[in-house]
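Thanks for coming, everyone. Before I say anything, please take a moment with the sequence and the fold on the screen.

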Amino acid sequence: MELTDIAASVVALEPGAFERFVAEVQGRPSDEVSAAALVLSSSDDIEVNRLLGNLLYYVGATPALEPLVLRVLDALGRGDFDEWESTLVLPMQDEDVRHGLPHRSRLMELVPSDSWLHGLLQVVDLETLVVLHPLSGNGFEVTIGGLGDNFQLHTLLAYRLIPAFLPGEPPLQAWVEAASVGEELEPAGGIQGQFELSDAFGETIWNEGRPADIPLLDGVRVVVLGEPAYARSWNAGRLYPLMTPMVDVNRELSADETASWLAKVKS
């Protein structure tokens, strides 16, 4: 039976249709799943839309994404956001969905700032950072993406830079796994910080914030790494368990480039 036909039975809320769809969708080609998702997107039932969100996480942005976003916007207008938020939280942990998200500006305007979805709307992808370490005189061009907060950025920067480029005690493997794709989000004993993070203007980059909060200098977000003023620790490695993070060191800046950047930043 065609997967779209089973999806139509889900939309009709036929008994057993959900279970049959979940069983049948396993291993189907992405084009079939995308077509079935479009059928599911015709429903305004909350459970059908949660199922749709699950599919979009696996197949990425498809034409079915816009109806789902519009329903969340409608829910915001009705005051039903708490119930509908979960339909977008899972798919938004996929980079392709974040990149293809329609009506982003309306969502940013209306979604509560303390919600899980608002945090996902602020995630930056394939963004370049300039990372400076004044004590050693080293600088780096780093690409980031899929980071839920600066706790995660902190841990993964330390992982990428210590000891390959900078001296120091590297983060434990359990911390790195918690901050990336490991199953255990809260390693025993917590996670320790290796740096004091500041922006280009000398202000603290708080771990509780997000990379999107880091201000631009000459069109680039700049992170200055200093010695920690005191011991910092936190429990969880990442906020969004199914979002794949990226912190890649593209290159080490030349001595002249690093000196130029260091001359611009406020210590």
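What span should the 14 residues of helix 5 have at 1.5 Å a residue, and how far apart are its end C-alpha atoms? Bear in mind that what we are looking at is a predicted model. Helix 5, residues 65-78, should span 20 Å, and its end C-alpha atoms are 20 Å apart, so the two agree.

Staying with helix 5, its buried residues are Leu 65, Leu 68, Val 69, Arg 71, Val 72, Leu 73, Ala 75 and Leu 76, and these pack against several other helices, among them helix 4 (46-59), helix 8 (95-100) and helix 9 (104-110). After helix 5 comes Gly 79, which has a positive phi, near 85°.

Let me turn to a pair of helices. The axes of helix 1, residues 3-11, and helix 3, residues 30-40, come within 8 Å and cross at roughly 25°; with angles under 35 degrees counting as roughly parallel, the two helices are therefore roughly parallel to each other. The crossing of helix 1 past helix 3 is right-handed. On the helix 1 side, the residues that take part include Ala 7, Ala 8 and Val 11, while those of helix 3 include Val 33, Ala 36 and Leu 40. Sorted by class, this contact holds 10 nonpolar residues, 1 polar and 1 charged.

Finally, a loop residue: Asn 235 sits between strand 7 (233-234) and strand 8 (246-252), and it counts as exposed because its relative accessibility is 55%.

Technical notes: Residues are numbered from 1 along each chain as its sequence is written. This is a predicted model: local features need pLDDT of at least 70, side-chain atom pairs count only at pLDDT 80 or more; totals for chains, interfaces and linings use all residues. Side-chain values use heavy atoms; hydrogens and water are left out. Helices (H or I, at least four residues) and strands (E, at least two) are DSSP runs, numbered from the N terminus. Buried means under 20% relative accessible area, exposed over 50%, partly exposed in between (1.4 Å probe, protein chains only). The expected span of a helix is 1.5 Å times one less than its number of residues. Contact means heavy atoms within 4.5 Å. Axes are lines fitted to C-alpha atoms, for helices over the stretch in contact, and angles run from 0 to 180 degrees between N-to-C directions. Angles under 35 degrees count as roughly parallel, over 145 as roughly antiparallel, 65 to 115 as roughly perpendicular and the rest as oblique. A crossing is left-handed if the near helix is turned anticlockwise from the far one by less than a right angle, and right-handed if clockwise. Ala, Val, Leu, Ile, Met, Phe, Trp, Tyr, Cys and Pro count as nonpolar, Asp, Glu, Lys and Arg as charged, and the others, Gly among them, as polar.
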